[in-house]
Each structure stands twice: as structure tokens, then as C-alpha cells.
Amino acid sequence: MIEQTMKSDETQPKRTLNRRSILKGAGALLVVAGAGGVWRAWDRGVFSASEGPAFAPWRDWRTASGSPGETIVRAGILAASAHNTQPWIFRIETNRIILFADTSRHLGTFDPYLREMHISLGCALENMVLAARANGFATDVAMSTGHLTDGYDGAQPVAMLQLTDADTDRSPFYDAIPDRHTNRGPYDRPRGVPADAATNLTRIAQSNGVLVVLFEDGPERGTFDSAMNDATATIVADRQMVHDSHAWFRMTPDEIDTHRDGPIIDSFGLPPAVNVLAKMFPIGEQEGHEIWKETTRDVHLATAPMTGIIAVRDRYAIADNLAAGRAWQRMHLWGTTQGLAMHPMNQPIEIVDRDRQLGRPASMADRLSKLTGDDWQATFSFRLGYAERIAHPSPRRDPADVIRNA
Ligand SMILES: Cc1cc2nc3c(=O)[nH]c(=O)nc-3n(C[C@H](O)[C@H](O)[C@H](O)COP(=O)(O)O)c2cc1C
């Protein structure tokens, strides 16, 4: 549906990030520093993580002046979004906020039906509901009944948050909003997850009308892991998907300050020395995704004590994906209150979409339905556990850029 011009990466040098190259790189780092590379390191943001205006929304979300509607939106923009695309526009009216999909902020072949875009909008909606209640409003949410195969253009209204005066209801999930960050580093698999994790995640799913299926060990976890690895390999072999994904990456402080969106190196969950090297010597889109494939297998899956799928009745219904997003945001906030790390890993469902777009057999969809049952359709997958490294905040655009006052 939304194809972009493919860019050749054949000029990129080939490197693989194995243990030997990490050690060699750490040595090179000392040489570079000694040879006057300090300027380059400074210029590439080696000494500054989470600094500057792109990170201000995390700090001032509660204190910045503005109308109650603006206060609620400030919480909304701190939500998760696919590739940190922040695909939202908010219209603040008297006693209500209308949430629009900004369909220009799409991921191309990575999200051809804007399914992940609508999950992202659901994440924002959940933060807004929590913030509205914490600021003395009862909420009523109306969601679009539309279907994602309908096709889109421009800004599309997807949900309406009706506000009425009420007693303040401040949830611990609301307080966790600025501490929730996607954690892509290694987890402590032997430590497992809290005994009540499955109960809490299931309760959150049920209250949103979606299904969560969780995997620890055993054959179903094996099926999940092999679907994830195969889907990742399929993506990495698809030049257009790699290109559309890479288009959102922001690798330098200048790119971060200019765009205030997208995944950044500090959010990759790399070991500190490798993080420095990645900032100083950026790699090409194909090579970066090859490393991601290895990291998916050797770090993300290998160290995760628990993985899961969120499934809905209709993968291409707008309301179902908004509900899945609300559920994910709430699950991640719950995890944050427990000191747990969480990480969406959506490759299998991205391949379901890509198979459909290209008219290929629905083999990944069939594999996932063996895990969810035929009555449910996977729309989101993730992992959780106790992290070995902290996760950094990702940039956010200025609320003023996404608010349209009535
Ligand atoms: C619908 C959706 C899909 C996502 N898919 C992935 C994914 O496949 N891999 C990944 O590392 N992060 C994924 N994320 C996490 C986003 O990249 C992340 O939310 C975004 O970069 C903002 O960072 P934050 O969550 O730390 O605020 C996804 C998030 C959403 C809402």
C-alpha cells in the first residue's frame, strides 16, 4: 500500500558485531580518544544521553502550564509507539479530546495497514485516561468502528475522550508514566518474573477485551521463539522493509534534535562500550538489521524468562488495535511499578501484514493461530523480565506540535 523507493546499501562496509570485534572496538576507542577523537565523541553525543529539548517532555509533563486538556495530552505523548513514530494529533475541545491518526507518520512496508500505528494510538489513549482521572475527570472513551483495510489519507479521527468533573483518582500506573521505557537489553532469565505476573497481565487484557497468551518454557515457547527468529530473518532479507524501518532511526544528536522521534542508539540496550562505538561509527541499514537479527536470537529471546502475545478478534479492526494498545501500555506501566523490564517484539505480526500485502501464503498467521487459537488473531508480541541494564528515555516531539485547539 505505501511503498517507498528502495535505496541500495551496497556501498556500506560489512562488519559483524561479535565478541572479538567488541573487544577490538573497545581498544580502538582508547586510541581514538587519545588521538583527539574527543571532539567527534562529543559531536556524536557520546557524553550526552537523554539531554536537550527532545527529552524535556519526560521531565515537565506534570509541571508545564496549560489547560487541563494540554496536561492530559502531555501524558499521552509519553506513550509507546511503533518505531517511536508518535503518529498522533490531538484536538482539544470543551470537555473532550479527539485523537487523530497522523497517517503521514507511517512505517511503509513495516506497517502497510497502519495496524501498529493504531496500537500506538491506543497506548496514547491509555496514558490520557490515567492522566484525566488523576486530574479530576471521569472519562468516557468512544472508538472508531472502522477497518484498517479501508485505506487512509491525512489525519483520521480514531477516538474521543469525553471528560466530566469527578474526584481525583490517582493510580500508581499514572505515577509510572515517566519511568516506563522500552528495554532492549539482556534480562536475567534465571530470576524469572513475579509469581503474579500472569494474573496481572491477564486481568489487564480481559479488562480491555483482548487476549494475552504467555510463554515461559516448553514447546509453545519454542514455537514462539522460532516464529520470532524466522520472522526477523524474513524482514532482514526484505530490502524494502529494512529501508522503511531504518528511515526512522536517528543516529546523531542533530537528527534527534531535529526530528524528536524514532529509535535512537541510547535506546538499543547495548553494552556501554558498544554504545559508545555505535555512536561514533554508525553502521549501514542492512548491517544494523543483521545485528538486530542476531540480537533477537541471542539476547532478546535467549535471556527472556517470559514472552507473550496480545490477540484480538479482528487484526484489522481499528477498535481492536486501539484496545490492544491500551492493554499494552497498561501492562508496561504495571511492569514498571514492579521493577520489570518490557519490550515489544512485533516481527511475526509484521510478517503477517507483509505476507498479506504481497499476496504470499498466510503461513506466519497460521503459525501464530496455533498459539492463540483460531478465534483470536495475534496483533502484538513482547517479552518481559528483570533487566540487567537500565533503559533510557526516547525523544518526544513538543506537545505544541501535535495539539490542535478547537
Ligand atoms: C505497536 C508497537 C510496536 C512496537 N514494536 C517494536 C518492536 O518490534 N521492537 C522494538 O524493539 N520495539 C518496538 N516497539 C517499542 C517502540 O519502539 C517504543 O515504544 C518507542 O521507540 C518509544 O520508546 P519508549 O517505549 O521507550 O517510550 C513497539 C511499540 C509499539 C507501540
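A: One may begin with a single contact. In this predicted model, a backbone N or O atom of Ser81 lies 3.3 Å from an oxygen atom of the ligand. A pair of N or O atoms counts as a polar contact within 3.5 Å.

Q: Which polar backbone atom is 2.9 Å from an oxygen atom of the ligand?

A: That backbone atom belongs to Asn346. A side chain also takes part: a polar atom of Arg184 lies 2.6 Å from a ligand oxygen.

Q: How much of the ligand's accessible area does the protein cover?

A: On its own the ligand has 620 Å² of accessible area, and the protein covers 94% of this.

Q: Which elements give two or more residues to the shell around the ligand?

A: They are helix H4 (115-134) and strand S7 (341-344). H4 gives the most, with four residues. In total, 22 residues surround the ligand, and Arg180 and Arg396 are among the closest. By class, the shell has eight nonpolar, ten polar and four charged residues. Domain 1 (53-175) and domain 2 (177-385) each supply at least three residues to the shell.

Q: Are the residues of H12 mostly buried or exposed?

A: H12 is mostly covered, with 16 of its 20 residues buried. Just after H12, Gly339 takes a positive phi of about 75 degrees.

How values were computed. Residues are numbered from 1 along each chain as its sequence is written. This is a predicted model: local features need pLDDT of at least 70, side-chain atom pairs count only at pLDDT 80 or more; totals for chains, interfaces and linings use all residues. Side-chain values use heavy atoms; hydrogens and water are left out. A residue is near a molecule or strand if one of its heavy atoms lies within 4 Å of it. A polar contact is a pair of N or O atoms within 3.5 Å; within protein, one must be able to donate a hydrogen and the other to accept it, and residues adjacent in sequence count only if both atoms are side-chain atoms. Accessible areas come from the Shrake-Rupley method with a 1.4 Å probe; for residues, only the protein chains shown count as cover. Ala, Val, Leu, Ile, Met, Phe, Trp, Tyr, Cys and Pro count as nonpolar, Asp, Glu, Lys and Arg as charged, and the others, Gly among them, as polar. Domain bounds come from an automatic or database domain assignment. Buried means under 20% relative accessible area, exposed over 50%, partly exposed in between (1.4 Å probe, protein chains only).
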